[in-house]
Amino acid sequence: MLENKTILVTGGTGSFGHDFVKLALAKLEPRRVIVFSRDEKKQHDMRLLYRDDRLKFVIGDVRDPSAVDSAMRGVNYVFHAAALKQVPSCEFFPMEAVRTNVLGAENVLSAAERHDVERLVVLSTDKAVYPVNAMGQTKALMEKLVLARAKDDATSTTCSVVRYGNVMCSRGSVIPLFVQQIREGKPLTITHPKMTRLLLALSEAVELVRFALERAERGDLFVRKAPAATVQDLAQALLNLFDADNAIKIVGVREGEKMHEALVSREELARAEEFTEHYRIPSKSERNYADFFTQGSLTSNMDEEGYTSYNARRLTVPEIEQLLLSLPDVQEALDDRALRAAPLRRAA
């Protein structure tokens with residue numbers, strides 16, 4: 001579907017952008033991939049890493065309508081990944097989150113329509129479901145912008161949303177922090193032992209975006225299912241893999257943070273279409289689900305709470321270890337640890 005197409009990735013120097021660019025250049029045969037971001041250093045690093053004439057780098061900010069409009073010319077598909085994602089930062093500076101996550105998204109949507117982009121996929125977050133923090137609230141409003149556009153028959157652009165939670169080893173993920181703390185012999189800092197998170201690999205997040213691109217109708221929202229773990233079990237699994245005995249220190253829940261991730265709300269689940277590994281929540285549904293909310297008709301925790309990290313399949317510590325071993329970043333850290341320990345073994 002992407003063969004010989006021009007693709008724009010906003011926030012393209014982030015974790016998603018890196019993985020998508022790597023996949024696109026290796027397997028998808030695009031005509032051009034435009035990486036749009038405001039980080040010149042990361043763009044330079046990507047330019048040196050890939051050295052591919054199909055890559056084009058554009059310095060710009062989604063807050064700037066003219067910069068977005070200029071980058072959108074001749075584009076077939078857009079993946080909108082640019083956002084402020086750090087929960088405490090958005091709590092301290094909520095208007096900055098509004099300017100990037102809401103007004104920036106509006107600039108991208110408007111430019112895509114003006115330039116007759118075929119398809120646009122917007123990346124959202126679990127925090128948009130029952131939002132309790134500024135980051136989630138701005139992302140929820142961003143989703144509403146897409147849904148509103150879906151009702152406008154004047155546009156030819158198909159806009160859809162993908163929603164996912166914690167991406168393992170992405171920027172801001174707790175796993176690299178734990179690995180660093182293990183290496184430095186420091187205690188592993190966890191917020192709350194019973195806090196749960198869904199564990200999604202970055203490759204699975206990219207696959208979710210492709211799934212949406214191929215199947216979406218206007219205003220559709222897609223979610224990928226994932227297993228879950230408590231933060232304490234995740235920390236323990238890493239300690240086991242590194243054969244480390246660092247202490248675990250509880251530091252408390254951060255500003256605006258949830259105990260459990262919610263990927264699909266109870267109301268959305270009532271009209272969702274379920275696939276083997278995904279949920280699709282259509283913008284329009286002919287399903288009569290009023291009875292779903294009638295007293296006595298709810299049959300499970302998922303019906304009552306939606307799809308969350310609390311009621312998703314919970315991994316054991318050994319299962320988490322196996323999942324972590326499949327991550328290149330964790331395997332690289334383990335190999336590095338073994339390499340640095342080798343001279344000590346030889347000396348002994």
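Mentor: Let us begin with the term pocket: on a 1 Å grid over the protein atoms alone, a pocket is an open set of points with protein on both sides within 12 Å along at least five of seven lines. Please keep in mind that this is a predicted model.

Trainee: How much space lies in the second largest pocket?

Mentor: The second largest pocket holds about 620 Å³ of space. It is lined by 27 residues, and those closest to its centre are D19, L202, S203, P328 and D329.

Trainee: Which helices each supply at least two residues of that lining?

Mentor: They are α1 (15–28), α2 (40–50), α8 (202–215) and α13 (328–347). With four residues, α1 gives the most to the lining.

Trainee: How do the residues of the lining of this pocket divide by class?

Mentor: The lining has 14 nonpolar, eight charged and five polar residues.

Trainee: Let us turn to pairs of helices. At roughly what angle do the axes of α1 and α8 cross?

Mentor: Angles of 65 to 115 degrees count as roughly perpendicular. The axes of α1 and α8 cross at roughly 70 degrees and come within 10 Å, so these two helices are roughly perpendicular to each other. Their crossing is right-handed.

Trainee: Which residues make the contact between α1 and α8?

Mentor: From α1 come S15, F16, D19, F20, L23 and L28, and from α8 come L202, S203, A205, V206, V209 and R210. By class, this contact has eight nonpolar, two polar and two charged residues. D19, L202 and S203, which take part in the contact, are also among the residues closest to the centre of the second largest pocket.

Trainee: How is the pair formed by α9 and α12 arranged?

Mentor: Helix α9 (residues 231–241) and helix α12 (residues 317–325) have axes that come within 9 Å and cross at roughly 65 degrees. That makes α9 roughly perpendicular to α12. The crossing is right-handed. In this contact, D233, L234, Q236, A237, L238, N240 and L241 of α9 meet V317, I320, E321, L324 and L325 of α12. The residues divide into eight nonpolar, two polar and two charged.

Trainee: Are α5 and α6 roughly parallel or roughly perpendicular to each other?

Mentor: Angles under 35 degrees count as roughly parallel. The axes of helix α5 (residues 94–114) and helix α6 (residues 134–150) come within 9 Å and cross at roughly 20 degrees, so α5 and α6 are roughly parallel. The crossing of α5 with α6 is right-handed.

Trainee: Which residues of α5 and α6 meet?

Mentor: On α5 they are P94, A97, V98, N101, V102, A105, E106, L109, S110 and E113, and on α6 they are A134, M135, T138, L141, M142, L145, V146 and R149. This contact has twelve nonpolar, three polar and three charged residues.

Technical notes:
Residues numbered from 1 in each chain as written. Predicted model: local features only at pLDDT ≥ 70, side-chain atom pairs only at ≥ 80, totals over all residues. Heavy atoms only, no water. Axes fitted to C-alpha atoms, helices over the stretch in contact; angles between N-to-C directions. Parallel < 35°, antiparallel > 145°, perpendicular 65-115°, else oblique. Left-handed = near helix turned anticlockwise from the far one by under 90°. Contact = heavy atoms within 4.5 Å. Nonpolar A, V, L, I, M, F, W, Y, C, P; charged D, E, K, R; others polar. 1 Å grid on protein atoms, 1.4 Å probe; cavity = no way out; pocket = protein on both sides within 12 Å on 5 of 7 lines; lining within 4 Å. Points joined across faces, edges and corners; volume = space filled by probe spheres on them.
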